Amino acid sequence: MGKYIIAGNWKMNKLPSETYDFVKEVAEATKGAECEVVCCTPYVCLAPAVEAAKGTHVKIGAENLHFEDSGAFTGEVSADMLVDLGVDYVIIGHSERRAYNNETDETVNKKIVKALAKGLIPIVCVGESLEEREAGITMDLISIQIKKAFAGISAEDAAKVVVAYEPIWAIGTGKTATDDQAEEVCGGIRQILADLYDDAAAKAVTIQYGGSMNAKNCAGLLAKENIDGGLIGGASLKAPDFATIVAAAK
Ligand code: PGA
């Protein structure tokens, strides 16, 4: 449906001094990819990552940004700073930031608006906890997250957004959603977008699955109709594993 995008989320891993060589390794291992290949890195790794990605098919993303343009926000990084470095993508609203850094549906929305205004492609994360899944409220929760995330965003801009469905219980746990569980929610997200906008906008949005996706389980997930790629944590730290996932996305 949407453009296939496989994005690595390095989280708080790898050193700036290792980054250049690793991104080169990823570029080499994924040569000829039939999907977009993105490495999202810690802020301090972005400059060497962008340098290494120059002249290759690999795109670089950040893992967060601030929603203000500039000012007294000690420790924060703005969209302009990311654009100035040559960054193309930015992860917004990852469940770890929602849990540990006071990220809310409101700040997620402000960050998406800012990213789009500055020409960055937001990768917006949504997902339920195990408790919420067991209570049978997964789609209610996802619907609220999506509606709040896209508040005030035009259909034209919405089509540029990447949504990553990441069930919290599957992140870093080795427990992947089954292909059907993932497809059910990703299809549900597309329906919510169709209701908010129209079919064309909903079809244009790339919807990724994330949560323990790896070289072994990626093929079944990526074959599903409404799964247009993956947001990959642990498996993005090893170039051969990441390359296997990229090769499965076509
Ligand atoms: P994981 O992380 O692949 O290590 O589960 C995915 C994510 O949190 O984006």
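**View 1. The shell of residues around the ligand.** In this predicted model, the ligand is surrounded by 13 residues, and the closest of them are Lys11, His94, Glu166, Gly172 and Ser212. When the residues of this shell are sorted by class, seven are polar, four are nonpolar and two are charged.

View 2. The side chain of Glu166 places an N or O atom 2.7 Å from an oxygen atom of the ligand, and in the side chain of Asn9 an N or O atom lies 3.4 Å from a ligand oxygen.

**View 3. Two loop residues with positive phi.** Lys11, which is listed among the residues closest to the ligand, sits in the loop that runs between strand E1 (5-9) and helix H1. Although Lys11 is not a glycine, its phi is positive, at about 55 degrees. Ser212, also listed among the closest residues, is found in the loop between strand E7 (206-210) and helix H11 (218-222). Ser212 is likewise not a glycine, and its phi is positive, at about 55 degrees.

**View 4. Helices H1 and H2.** Helix H1 covers residues 16-29 and helix H2 covers residues 46-53, and their axes come within 8 Å of each other while crossing at roughly 25 degrees. Because angles under 35 degrees count as roughly parallel, H1 is described as roughly parallel to H2. The crossing in which H1 passes H2 is right-handed.

**View 5. Helices H7 and H9.** The axes of helix H7 (residues 138-149) and helix H9 (residues 179-196) come within 10 Å, and they cross at roughly 45 degrees. This angle makes H7 oblique to H9. In passing H9, helix H7 makes a right-handed crossing.

Definitions and conventions
Residues are numbered from 1 along each chain as its sequence is written. This is a predicted model: local features need pLDDT of at least 70, side-chain atom pairs count only at pLDDT 80 or more; totals for chains, interfaces and linings use all residues. Side-chain values use heavy atoms; hydrogens and water are left out. A residue is near a molecule or strand if one of its heavy atoms lies within 4 Å of it. A polar contact is a pair of N or O atoms within 3.5 Å; within protein, one must be able to donate a hydrogen and the other to accept it, and residues adjacent in sequence count only if both atoms are side-chain atoms. Ala, Val, Leu, Ile, Met, Phe, Trp, Tyr, Cys and Pro count as nonpolar, Asp, Glu, Lys and Arg as charged, and the others, Gly among them, as polar. Axes are lines fitted to C-alpha atoms, for helices over the stretch in contact, and angles run from 0 to 180 degrees between N-to-C directions. Helices (H or I, at least four residues) and strands (E, at least two) are DSSP runs, numbered from the N terminus. Angles under 35 degrees count as roughly parallel, over 145 as roughly antiparallel, 65 to 115 as roughly perpendicular and the rest as oblique. A crossing is left-handed if the near helix is turned anticlockwise from the far one by less than a right angle, and right-handed if clockwise.
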